[in-house]
Amino acid sequence: MTSPATIAVDALVKDYGPVRAVDGISFAVASGSTAALLGGNGAGKSTTIGMIMGLVKPTSGTVTVLGTDMARRRHDVLHRMNFESPYVDMPHRLTVRQNLTVFGMLYGVADIRGRIATLAEALDLVDLLDRPSGKLSAGQKTRVALAKALVNEPEVMLLDEPTASLDPDTADWIRSHLERYRAARGATILLASHNMGEVERLCDRVIMLKQGRIEDDAAPGELVRRYGRSNLEEVFLDVARGRREAAA
Amino acid sequence: MTFSVTRVAALCLRYLYLLVSSWPRLLELIYWPILNLLTWGFLQTYAMGSTNQTLFVGGALVSGLLLWEVLFRGQIGFSVSFLEEVWSRNLGNILMSPLRPIEFVAALMTMSLLRLAVGMIPTVILAVAFFGFDLARLGIGFAAFFALLVITGWAVGLVVCGLILRHGLGAESLAWTIMFVFWPLCCVYYPLSVLPGWMKPLALALPPTHVFEGMRAVLSQGVLRLDLLAYATVLNIIWIAIAAFAFAALLEKARDAGSLLSSGE
C-alpha cells in the first residue's frame, strides 16, 4: 500500500516572460520518504522548490503540501515545514544561540532553550552557541543552518544543495544526520542536488529534470539498471546529453 | 493561524540583538539628527539676531527640523530594518517561516519607533537646552504631530520595501532618498502660501504639509488647529491604505517574478 502523498505537484508550469522554466510537471512524494530533484543548471529544480515553498507563483498547476494549497494557504502549514539552502544565510552578527532563539520563536517552538540544547548536542554546536554566526567556517555554518532547519522538528524538509561546498567528511556527517532525523521523525524530505553520491545514499526516488520537464522518475537503483550504467552520475550524463536511447 | 505577537516579538528581538551588537548602528541613529540640529539650530540663533524674528518665533526652525527628522527617520527606521534582512541574505529564511506579511510589517513599525526613540530623545533634549525648542508650547500637539508624521513615514517605507522585494537591492537607494521629494513640498520651514499655485495641490495631498502648518499655528498663534490634524489624519488613512495595497501587489509581483529568494542580488 502506498503512503499518502505529503508533497503533491500537479501539472505545474512556470513561465518567466517568454521562457518556460517548468513545463507541466507532476509528481508526488510519499510521507516519510526522501526524493531528489536532479538536473543540470537551468533544469527547473530551484524554481520547482520555490513553488513548493510558495515563494514562486506558478503560472498554472497546483502544489499541495500536507494537504494544503501552497499558492493560497501556505501559512497554514509553514510551521510544520522548514528548509535549508546555501544561498540563504542567517544574520552574521547574531550568535548561533540568538539566531536559533529567533527562529525558535518564529516557528512557535514551546521549549526553545531545551530544543537549542538538544540540537547543539546532536549537531556538535555546543562550543559554537555563543559565537557570531558570521565567524564560523563553511562546515560550521552548514551545521547551524541545519539546526535552524530542524528547530521546529519539521514534518517536511526542503533542502536545496544541502552539502554544497562542504568537504567530504562534513558532507557525510550532514547526510548521516539527515538519515537519522528522517528515520526518527518519519519526515518527508525533498532535496535538489548535483551530488550523485548524496542522492544515491539519501533518496528513495529520483526525479530527473531537463529543460523544465520530468525526463525520468524512479528509484536510484532502478535508474542505474534502466540506463545500463554503473552509477547515477553516468545516468545523469546520459539524461543531460540526451543519450538515453544510445545507453539503452 | 492568526496574528502572532510572539512572531512579531521574535523579529524585533532579532533587530535588537543586531543593534546592541553594533555600536556604529547605534551611533548612526543619533549622529545625523544631532548634526542637523546643530547646523539648523546655530542658523536660527544667528538669524534671530539679524532678521525678521517672527519667522523664528518659538523656535519654528528647530521645531520644523525636529518634526522633519521624525518623518524622515520614521521611514528610514522602517526601511533599514527590512534592508538588514536583504543585506544579510536572511530574507528567504524569514519568508519561509510562519511569519505573516502583516506581522513582518508590525515588527518593522515597532523597530521604527524604537529607533526613533534612540535618535530623537537626545536630540530633543539638546534642542530644548540650547536652541529654544519649546516642547511645552507644542504640548499635546507634539504627540499628535509625531504620530501623524510617523504614520506617513511608515506608508512611504512600506512602498519602498515592496519595491526592494520586487527589484532587489537595485531599489535600495530609494530608501535613503525618496523622502527628500517631500522636503520642498510639505513646507517644513515655510508656510504653504510661499509655494507657487501649481504646487499647492501637490503639497495639500501630503499629510505632513498639514502637520507643519499646524505646528506653525501652535508656535505663532498658540492654537492647535484641529482642522489641520483632521486633514492629516484622513490623508494618512488614504496613504497607508494605498501603501498596503502597493506592498501586497509588489509582493505578489515578486512571487510571480521569482525574485524573493534572490533579493540580495
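In what order do the four strands of the open sheet of chain A stand? In this predicted model, local features need pLDDT of at least 70 and side-chain atom pairs count only at pLDDT 80 or more, while totals for chains, interfaces and linings use all residues. Residues are numbered from 1 along each chain as its sequence is written, and chains are lettered from A and ligands numbered from 1 in the order in which they are written.

The order is S2-S1-S4-S5, with antiparallel pairing; strands are DSSP runs of E with at least two residues, helices are runs of H or I with at least four, and both are numbered from the N terminus. Two strands pair if DSSP finds at least two bridges between them. Strands S2 (19-30) and S5 (68-69) of chain A each have a single partner strand, so one side of each lacks a neighbour in the sheet. Five bridges join S1 (residues 5-16) to S4 (residues 60-65) of chain A in the antiparallel sense.

Turning to the helices, the axes of H3(A) and H5 (residues 138-150) of chain A come within 9 Å and cross at roughly 20°. Here axes are lines fitted to C-alpha atoms, for helices over the stretch in contact, and angles run from 0 to 180 degrees between N-to-C directions. H3(A) is therefore roughly parallel to H5(A), a label for angles under 35 degrees, with over 145 roughly antiparallel, 65 to 115 roughly perpendicular and the rest oblique.

Where the two helices meet, A:Val96, A:Asn99, A:Leu100 and A:Phe103 of H3(A) touch A:Val144, A:Ala147 and A:Lys148 of H5(A); contact requires C-beta atoms, placed from the backbone, to lie within 7 Å. Between chains, the contact takes 28 residues from chain A and 27 residues from chain B. H3(A) gives the largest share of chain A's side, five residues.
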